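Subject: Structure handover

Hello,

Here is the structure for you to look over. My notes follow below it.

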Amino acid sequence: MSFCQNCGKELQDDWLNCPYCNQIESSSSNRKEFSKKISYGLGFTIIAITLLQFILVARDMELYHLKRDWGVILFLFGLPFSFGLAIVLNANMK
Ligand SMILES: [Zn+2]
């Protein structure tokens, strides 16, 4: 919920300008756009790091002939991966 900087009336989040005085709320939509970009960056970074770690660990397991424990792998990589995905999807819906 935001307020018009000009007349102080309550504004809906998806209103681009104030219907009472027609003041354009550029600052709030800019801020929203900015936080959306931050969310995208953060989400994709988490996904990329998770995938990279997964590849490295999978390669090490191959190297040392370790038994792949999929329960641990899913827990270690599935959680941060879905966390990153959730951030990206959330940013997409804003
Ligand atoms: Zn206004």
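Start at Met-93, which is exposed, with 6 other C-beta atoms within 10 Å. Met-93 sits in helix α2. Its C-alpha atom is 19 Å from that of Ser-2, 91 residues away along the chain.

Two points on conventions. Residues are numbered from 1 along each chain as its sequence is written. The model is predicted: local features need pLDDT of at least 70, side-chain atom pairs count only at pLDDT 80 or more, and totals for chains, interfaces and linings use all residues.

Confidence: pLDDT is the predictor's confidence in each residue, from 0 to 100. The chain has a mean of 82, and 90% of its residues reach 70 or more.

Overall layout: the chain has two helices and two strands. Both kinds are DSSP runs numbered from the N terminus (helices H or I, at least four residues; strands E, at least two). Their order along the sequence is β-β-α-α. The radius of gyration is 21 Å, well over the 12 Å that the globule rule gives for 94 residues, so the chain is more spread out than a compact globule. That radius is taken over C-alpha atoms, and the rule is 2.2 Å times the number of residues to the power 0.38. Along its principal axes the C-alpha trace spans about 70 × 20 × 15 Å. Buried residues make up 9% of the 94.

Helix α2: it has 24 residues and reaches 32 Å from first C-alpha to last, close to the 34 Å expected. The expected span is 1.5 Å times one less than the number of residues. α2 bends by about 30° at Gly-78, and Pro-80 follows within four residues. The bend is the angle between axes fitted to the seven residues ending there and the seven starting there.

Val-88 is also worth a look. It is found in α2 (residues 70-93). Val-88 is partly exposed, with 16 other C-beta atoms within 10 Å. Beyond neighbours within four places in sequence, Val-88 is in contact (C-beta atoms, placed from the backbone, within 7 Å) with Tyr-40, Gly-43 and Phe-44.

Best wishes

Technical notes:
A residue is buried if 20 or more other C-beta atoms lie within 10 Å of its own, exposed if 12 or fewer, and partly exposed in between; C-beta atoms are placed from the backbone. Two residues are in contact if their C-beta atoms, placed from the backbone, lie within 7 Å.
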